[in-house]
Amino acid sequence: MPIVFRNKRKEKKHKATIVVCTYKGNQEHLEQAVESYLNQEGCKIQLIVSTVKGDDSLKTLAGHKIKFAIQERPSIYQQLNNATSLIKYDWWCYMSGNDVALPTKVKTEIDLCIREKKRICYSAYNVVDSDLNFVRKAEFEENYSFEKNLEGNFVADTAMIHKSVSDSYLPFTEEFDNLGYWDFWLRIGQDHPEWFIYNPLSTWDYRVNDESRHIKRSQDSKWRKQELKDRQRMLERFGPLRGKYAR
């Protein structure tokens, strides 16, 4: 008599939204990124790509299951604000069109938040070169501290967020150029530092090469001076300046 195996109850999949902003990016890297986001293990993914009218990404990603948010002019935080208005799932994160998520990024971070009753999970990550070869691991303090966050931003833009948080604290500010996420974390951390949790396991690969936007900007002395002014103006909204930003 044959043995009959009963089907085990399938584990319920998480549902999460991933937001990608892109403009004139490396299209090969963009495809690698998108494939890693769409193929997350144990998760149903809504992928929103925010871009600009006529951008190459519209052709590159035409065959993928993606929702596009399209605007007339490039602006990273305007693109983010447009995209986040389309989020339909309870959990979401931003990911770059350059970087690559490890297969269990979304599941690992949501599982940790649910288990520990948190709403934001930021993880360690791997710094890699243009070909995704490992360079080093970036790690952070285990416990979130608003005071430490005032001295420097260690919460990655790619952190997993519960929609209840963003419903209360979005939109991102467009006032301080590239500092919208740091301002976002500080506004949350000032009120609810207990919402954050750190995951010491790497969940994504941060690609660094000569084309990286932050590398190009760091070589521009005019931009560096302006960014320092932007940082000081942004941080002044949270009280006296700390550390290297104190005048």
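This report walks through the cores, a pocket, the cysteines and some backbone features of a predicted model.

## About the model

Residues are numbered from 1 along each chain as its sequence is written, and side-chain values use heavy atoms, with hydrogens and water left out. Because this is a predicted model, local features need pLDDT of at least 70 and side-chain atom pairs count only at pLDDT 80 or more, while totals for chains, interfaces and linings use all residues.

## Nonpolar cores

Let's begin inside the protein. A nonpolar core here is a set of buried Ala, Val, Leu, Ile, Met, Phe, Trp, Tyr and Cys residues joined through side-chain atoms within 4.5 Å. Buried means under 20% relative accessible area, exposed over 50%, and partly exposed in between, with a 1.4 Å probe and protein chains only. The largest core has 38 residues, and Y181, W185 and I188 touch the most other members. Helix α7 (residues 180–191) gives the most to this core, with six residues. Helices (H or I, at least four residues) and strands (E, at least two) are DSSP runs, numbered from the N terminus.

Leaving aside residues up to four places away in sequence, I188 touches I120, V165, Y169, P193, W195 and F196; contact means heavy atoms within 4.5 Å. Another core, of 29 residues, lies apart from the largest one, and its members include I66, Y125, A156 and M160.

In helix α3 (residues 76–84), the buried residues are Y77, Q79, L80, N81, A83 and T84. They pack against β1, β2, β3 (67–71), β4 (91–96) and α7.

Helix α9 (residues 221–235) holds E227. This glutamate counts as buried because its relative accessible area is 15%. E227 and N26 are 201 residues apart in sequence and 25 Å apart in space, C-alpha to C-alpha.

## The second largest pocket

About 200 Å³ of space lies in the second largest pocket. On a 1 Å grid over the protein atoms alone, a pocket is an open set of points where a 1.4 Å probe fits, with protein on both sides within 12 Å along at least five of seven lines; lining residues have an atom within 4 Å of a point. Grid points are joined across faces, edges and corners, and the volume is the space filled by probe spheres set on the points.

The lining consists of L38, K44, I45, Q46, L47, K65, I66, K67, K88 and Y89. Strand β2 (residues 43–52) gives the most to it, with four residues. By class, the lining has five nonpolar, one polar and four charged residues.

## Cysteines

You will find zero disulfides in this structure, a disulfide being a pair of cysteine sulfur atoms within 2.5 Å. For C21, the nearest cysteine sulfur is that of C93, 12 Å away. For C93, the nearest is that of C43, at 9.7 Å. C21 counts as buried because its relative accessibility is 8%, and C93 counts as buried at 0%.

## Backbone features worth a look

Most residues other than glycine have a negative phi, and most peptide bonds are trans. The peptide bond from L170 to P171, however, is cis, with omega near 15°. P171 sits in the loop between α6 (163–169) and α7.

K24 has a positive phi, near 50°, and lies in the loop between β1 (14–21) and α1 (27–38). At 65% relative accessibility, K24 counts as exposed. L132 also has a positive phi, of about 70°, and is found in the loop between β7 (125–128) and β8 (134–138). L132 is partly exposed, with a relative accessible area of 29%.

How values were computed: Nonpolar A, V, L, I, M, F, W, Y, C, P; charged D, E, K, R; others polar.
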